[in-house]
Amino acid sequence: MRLAELSERSGVPTATIKYYLRERLLPPGERITATQAEYGEEHLRRLRLVRSLIQVGRMPVATAREVLAAAEDESLSQNTRMGAAVWALPHGPEPDEDDPHAARAREQADTVLRRMGWSYGQELGDTSPAYRMLVAAIASLDRLGYPHDTEHLLVHARLAGELAVADLDLVETYDTPPEQVEAVVALTVLYEPVLLSLRRLAQTEESGRRFKE
């Protein structure tokens, strides 16, 4: 297909496609004349992945280029490929290492990971953006005096574990490693507001049952 058809089928403006080509986010098409090239289905798939990273995941172009390289690096495990994509997504605030609450929060986070048997999380520790975000969140609960004991946190961790199984079951329905990377980015970003909204709706229902008078 020519550039115009690629634009029409992908929903990406031609100017944006040209930008992705210049930034090496999209491989060049097969040159048929000095000024024209043809593109195939692999370009459509790559455009979906690029859009997932940049438009859905809000990644900078340079970061997206690194994720794309990892997604296509067959020397890496699929776990590493998907992990690179998710780690590159925007995360929450970092823990303040000068805050004494952060040290207690780190111990609390480690206890939760250990009780859950999450060995990958324990091994990665501070290198994981999600781990650091958890530490920052627990530190805030500690600082403000809200419940954050291990048993309370484990309730949330167990629910998260069940969601992770469902998430990865869905990701595995995609056939190729690049498609799975695209799916894990898009579904992580798009399902997080679904999770938040469903939690608030559930709280509304439970509140109505408990405090209806």
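Trainee: Why is Glu-94 called partly exposed?

Mentor: Glu-94 has a relative accessible area of 47%, and because buried means under 20%, exposed means over 50% and partly exposed is what lies in between (1.4 Å probe, protein chains only), Glu-94 is partly exposed. This is a predicted model, in which local features need pLDDT of at least 70 and side-chain atom pairs count only at pLDDT 80 or more, while totals for chains, interfaces and linings use all residues. Residues are numbered from 1 along each chain as its sequence is written, and side-chain values use heavy atoms, with hydrogens and water left out.

Trainee: What makes the contact of Glu-94 and Arg-132 a salt bridge?

Mentor: The term requires a side-chain nitrogen of Lys or Arg within 4 Å of a carboxyl oxygen of Asp or Glu, and for the side chains of Glu-94 and Arg-132 the N to O value is 2.6 Å. The helices named here are DSSP runs (H or I, at least four residues), numbered from the N terminus.

Trainee: How many salt bridges are counted by this rule?

Mentor: The count comes to 11 salt bridges.

Trainee: What do the side chains of Arg-115 and Glu-151 form?

Mentor: Arg-115 and Glu-151 meet in a salt bridge at 2.8 Å, N to O. This pair links distant parts of the chain, with Arg-115 in helix α6 and Glu-151 in helix α9 (residues 150-171), 36 residues apart. Arg-115 is partly exposed, with a relative accessible area of 47%, and Glu-151 is partly exposed as well, at 42%.

Trainee: Why does Leu-198 count as exposed?

Mentor: Leu-198 counts as exposed because its relative accessibility is 52%. Leu-198 lies in helix α10, and together with Leu-170, Tyr-191, Val-194 and Leu-201 it makes a nonpolar surface patch of about 460 Å². Helix α10 (residues 177-210) gives the largest share of this patch, 4 residues.

Key:
Patch = residues over 30% accessible without salt bridge, like charges linked within 9 Å, V, L, I, M, F, W, Y side chains within 5 Å. Areas by Shrake-Rupley, 256 points an atom, 1.4 Å probe, with all protein chains shown as cover. Helix = DSSP H or I, 4+ residues; strand = E, 2+ residues; numbered from the N terminus.
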